[in-house]
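Work through the exercises below with the sequence and the structure side by side, and try each task before you read its solution.

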Amino acid sequence: MSAFIEIENLSYAYPVNEGETPRPALDGVSLRIEAGSFTAVIGRNGSGKSTLAKQLNALLRPDAGRVLVDGLDTADDAQIWEIRRRVGMVFQNPDNQLVSSIVEDDVAFGPENLGVPTEEIRERVDEALAAVSMEAQRQKGPHLLSGGQKQRVAIAGVLAMRPRCIVLDEATAMLDPKGRQEVMEILEHLHRQGITVVLITHFMEEAARAERIVVMSRGKVCMDGSPAEVFARGEELRALDLELPFAIDLAERLREGGLALPQGILTEDDLLEALCPSK
Amino acid sequence: MLKDITLGQYYPCDSPLHRLDPRVKITAALVYIVSLFFVRDFPGFAYVTLCLAVLVALSRVPLSFLFRGMKAIFLIILFTFAANLFLTDGSVLWQLGFLRVTSEGLYRAAFMALRLILLIVGSSLLTLTTKPMALTDGIESLLSPFRRIGLPAHELAMMMSIALRFIPTLMEEADKIMKAQSARGADFESGNVLQRAKALIPLLVPLFVSAFRIAQDLAMAMEARCYRGGEGRTRLHPLKMRGRDRAAWILILLYTLILLVQAGWIVF
């Protein structure tokens, strides 16, 4: 696989008032995100994970170091619109990112900005709404939708730009469990279709469903590996104020209690299978 | 309560009036409003009322819906009527103490009230038959010739449509803040008008703060979706003049001409 996003030694600090010392939000981060991969980024509040997300589509630009998206440098003004087209972003608050009072007009907002011809916008809107199963609500106002439905519309709005990568900046944080489940299923579906997914989250259960987990702390990457590898380092995660997913935590305690459980238990289904095999 | 608010006061339906291009309807409404001030006598009003009645029938908007908007300005109409009735000099018809009704006053009062009612019914017909989004699209397109002299037509229309979009969001926010403050003992319901208005101040401050936060979030989301102003944008629903719109232009012209002739502004 080839790298879709290459981050080299990236540092960034938010601008501060005169007299205050800037505190780096990102401090020498290097990361490669492969094309078509599904990566989760976890970390406690203030670890820099949201700042990292905004660096991926040039909403923020590096102070030092370099971010290459599909070979395009985010520091280059001439490239930022092409970068934003290729890397779509879904934000945390479902209410504050929908532009239009009608669902289908909102989905059309991205392609309209790109200057796509009218007939093709129609085609893309239909396709994007179908991908998130929101065709039935196309004429509704966003205030009539549930949180999960609003986030699905936001995802459709990104898909209508035909991006190669989709970044979710804590997009499930304000949703109920049902809404979170809906969004996760759509992400897994998009991943299977070859779209690169970067999921910023503080829900460990969600991170466990990714192919790779990057753990951030104080603006640095401090762990990077498959969910099994990362969650095997339970003590270190706890030291970073991160909880293990329920199934992994329980499996670990059962092992301590003397129960012989196989390695590699990540989800509740895995645990169930290990405790009472169906066959 | 929040779930059933209608944005603007659009009446969803498929009528010839609903299908017209918003630009035609906005122009028609403007022409109509100005025309009301050219009417000089009651036969003139009869003509305008007749035209309006035809439009209302074409729009398929129920009369109850049409007059709902009147409730809010009923007081203004009543006040205008009374002021004209009692304060006009002329031949006295009836007198009680300092109250005096003159025939000129009666005539003017009826004239003014009729003009106001026609004004309101006519202009609400525009918002009843045009979706808010179509309305802002129409305004953008009508204003775009003035871009050359520096009028930000696209930005104005975008602001209007975003304002419409966020009415329910801000109402929800206000509701949330109100509940949070009630829970801590704030009282929004008792006292006289002045006291109640005062109680709203602690509500407005956090509401403003969250409006700014929402604006910031939205601006970032729009940038992330490649928004960079009106330049080079295409539309999902581009405005297009059709046969029926051209017919409407001719009818607007005809209406104006007849009205001006009737009122004696044009003499053959």
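**Exercise 1. Describe the interface of chain A and chain B.**

Begin with the area: between chain A and chain B about 3300 Å² is buried, and carbon and sulfur atoms give 57% of it. On the side of chain A, the residues that lose the most area to chain B are A:Trp81, A:Asn96 and A:His143, which together account for 22% of what that side buries. Keep in mind throughout that this is a predicted model.

Next, turn to the residues that take part, which are 39 from chain A and 33 from chain B.

Then look at the polar side of the interface, where the rule finds 14 residue pairs in polar contact. Helix H2 (80-86), H3 and helix H4 (118-131) of chain A are the elements that give two or more residues to the side of chain A that touches chain B. Among these, H3(A) gives the most, with 11 residues. Sorted by kind, the residues of that side are 17 nonpolar, 13 polar and nine charged.

**Exercise 2. Find a salt bridge that crosses between the chains, and decide for each partner whether it is buried or partly exposed.**

The general idea comes first: side chains of opposite charge can pair when their charged atoms come close. Across the interface of chain A and chain B there are four salt bridges by the rule. One of the salt bridges in the model joins the side chains of B:Arg235 and A:Glu112, at 3.6 Å from N to O.

Now judge the accessibility, for which the cut-off is that buried means under 20% relative accessible area. A:Glu112 counts as buried because its relative accessibility is 7%, whereas B:Arg235, at 26%, counts as partly exposed. As for their places, B:Arg235 lies in the loop between helix H10 (201-224) and helix H11 (243-262) of chain B, and A:Glu112 lies in helix H3 of chain A.

**Exercise 3. Describe the surroundings of A:Asn93.**

First locate A:Asn93, which sits in the loop between strand S6 (87-90) and helix H3 (103-114) of chain A. With a relative accessible area of 16%, A:Asn93 is buried. Follow its side chain, which reaches the backbone nitrogen of A:Asp95 at 2.9 Å. Finally, leaving aside its neighbours within four places in sequence, list the contacts of A:Asn93, which are A:Met174 and, in the other chain, B:Asp217.

Notes. Residues are numbered from 1 along each chain as its sequence is written. Chains are lettered from A and ligands numbered from 1 in the order in which they are written. This is a predicted model: local features need pLDDT of at least 70, side-chain atom pairs count only at pLDDT 80 or more; totals for chains, interfaces and linings use all residues. Side-chain values use heavy atoms; hydrogens and water are left out. Helices (H or I, at least four residues) and strands (E, at least two) are DSSP runs, numbered from the N terminus. Buried means under 20% relative accessible area, exposed over 50%, partly exposed in between (1.4 Å probe, protein chains only). A polar contact is a pair of N or O atoms within 3.5 Å; within protein, one must be able to donate a hydrogen and the other to accept it, and residues adjacent in sequence count only if both atoms are side-chain atoms. Contact means heavy atoms within 4.5 Å. Buried area is the accessible area (1.4 Å probe) that two parts lose on being put together, summed over both. Ala, Val, Leu, Ile, Met, Phe, Trp, Tyr, Cys and Pro count as nonpolar, Asp, Glu, Lys and Arg as charged, and the others, Gly among them, as polar.
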